[in-house]
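Let's take a walk through a protein model, with a stop at a helix and a few aromatic rings. Have the sequence and the 3D view open as you read.

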Amino acid sequence: MERVLILDFGSQVTQLIARRVRESGVFSEIKPYRTSIAEIKKDKPKAIILSGGPSSVSEKFAPTISKEIFELGIPILGICYGQQLMCSLLGGKVESSDEREFGRAEVDIVKDCKLFTGAWKKSKNIVWMSHGDRVVKIPKGFVAAAKSKNAPFAVVCDEKRKFYGVQFHPEVVHTPEGAKLIRNFTHKIAGCKGNWNMGSFLKKEIEVIQQTVGKKRVLCGVSGGVDSTVVAAIIHKAIGKQLSCIFVDTGLLRKDEAKQVKKLFSDFHIPLKQVDASALFLKELKGVSDPERKRKIIGKLFIDVFEAEAKKLGGADFLAQGTLYPDVIESVSVHGDASVTIKSHHNVGGLPARMKMKLIEPVRELFKDEVRELGLKMGLKKEMIGRHPFPGPGLAIRIPGEITAEKIAILQKADDIYIREIKKAGLYDKIWQAFAVLLPVKTVGVMGDQRTYEYVLALRAVTSTDGMTADYYPFSHEFLGNVSSLIVNHVRGVNRVVYDITSKPPGTIEWE
């Protein structure tokens, strides 16, 4: 299978490079910049992409690569830091610039190259810049192909050796023709055929699961959400009765979710054991307000329950999880330790040493929309595949502050009203994720001529393609007013509703 290797230098959008390459029909794999030449040769990539990163090539301990990479005889594309590193290693010069570029910029072509074919016109091509350093001298054999106001070498190329460098980020949506530039690199320059898709991924993953598991047993935790359901379906297709699915009701789920999960798995004839551990989770979370502690407690309890259930079922050798790319990049860079941790995810920390089970994560390298595409490929119902993402820790991270049974009940009712009204308005499929957050704040209100002192509820709804970046959904004031009125009138404990209009970045989608 043809593949493009992406070496990660710590950019928060490295995963988007992989996404764009896959959209061009080519399988991409991300590995840390420290990956050895021997391992790179073993992978036999058709091309290599050097990601961006937060470092400066002039720093004493800046991440770097072996010059041998440039002697492999394959096309290489350097993006931002990747361009600067490539030029520096091959004899060019990089300096810090007094005129930094962050955000939208215009780039003009000064010399045609294969990277631009069918994508760019001669002038005013919009790109997204994010750099303080810039190339001031290019290596021998390179030519300047494009420039911006503050970057004379916005694009450089050595077409004889098939080396290309761009100062901007073609992988982000803010570079309108960026996907075409990457496709030109993978197809016209690297010669990839573009025959990778969800069908080929499914076939390969089933083979991997069968080879990994053999005749052993797998335990799969399911929540009824898209990720865990697709994971369960893939593994069930691969090994059938060797899979045991367990649904742990943490008490932190959405309203009536336990019933919905049971019916979903019954419809697809996948055996499911339901465990009510809500009292245990509520007890362990008592008095805990710190979001990271909440995640760790929930993650530990989740595994403890699984361990107990595994013993009841006669033991299992593997534990399946629905970890996704965005989960990984926000927790820790498993591909390259240069990435900055944003927050931990309960399902990316591995298993405690005492457990004998090994992890199986079939969709770890996929984005949410790719998982949905995979689910449809397997015949899962569209209404289930289209469900909004729901965090592993559940409502615990939608209740800032201490978790109580009362707060959970309030949030479940309010969230249910909110989602119901979104569906009624025909907006559910236009929104990436919508949910309510019960704030640890009480305000004075008036109901029926009586003074109230109750909680504030925040509503959140965002649009996104992959969860890496997001913007708030522009509801009409009429819609928000109606939802606010319904919640205040029907949910005892809430007397004020607000709407969150923060994008990601600078915020995250969830509040904790």
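Leaving aside its neighbours within four places in sequence, H187 is in contact with S24, V26, C192, K193 and G194. One thing to keep in mind as you look around: this is a predicted model. You'll find H187 in helix α4, which covers residues 178-189. Is H187 buried or exposed? With a relative accessible area of 18%, H187 counts as buried, because the cut-off for buried is under 20%.

**Helix α9**

At the start of α9, look for D290: one of its side-chain oxygens comes to within 3.2 Å of the backbone nitrogen of E292. After the helix comes G314, with a positive phi near 95 degrees.

Which residues of α9 are buried? They are K294, R295, I297, I298, G299, L301, I303, V305, F306, E307, E309 and A310. And what do these buried residues pack against? Their partners are the strands β10 (218-222), β11 (243-249), β12 (272-276) and β13 (318-320), plus helix α8 (278-284).

**Aromatic rings**

Now for the rings. A pair of aromatic rings is described by the distance of the centres and the angle of the planes. The structure holds twelve aromatic pairs, and here are two of them.

The rings of F9 and Y81 have their planes at 50 degrees and their centres 5.4 Å apart, so this pair is tilted. F9 sits in the loop between β1 (3-8) and α1 (14-23), while Y81 is in helix α3 (residues 81-89), so the pair links parts of the chain 72 residues apart. Both F9 and Y81 are buried.

F70 and F163 make an edge-to-face pair, because their planes are at 70 degrees, with the ring centres 5.6 Å apart. This pair also links distant parts of the chain, 93 residues apart: F70 is in the loop between β3 (47-50) and β4 (76-79), and F163 is in strand β9 (residues 163-166). F70 and F163 are both buried.

Elsewhere, ring pairs join Y418, Y472, Y473, F475, F479 and Y499 into a cluster.

**Charges over rings**

Key
Residues numbered from 1 in each chain as written. Predicted model: local features only at pLDDT ≥ 70, side-chain atom pairs only at ≥ 80, totals over all residues. Heavy atoms only, no water. Buried < 20%, exposed > 50% of the residue type's maximum accessible area, 1.4 Å probe, protein only. Helix = DSSP H or I, 4+ residues; strand = E, 2+ residues; numbered from the N terminus. Contact = heavy atoms within 4.5 Å. Polar contact = N/O pair within 3.5 Å; in protein donor to acceptor, adjacent residues only side chain to side chain. Phe/Tyr/Trp six-rings, centres within 6.5 Å; stacked < 30°, edge-to-face > 60°.
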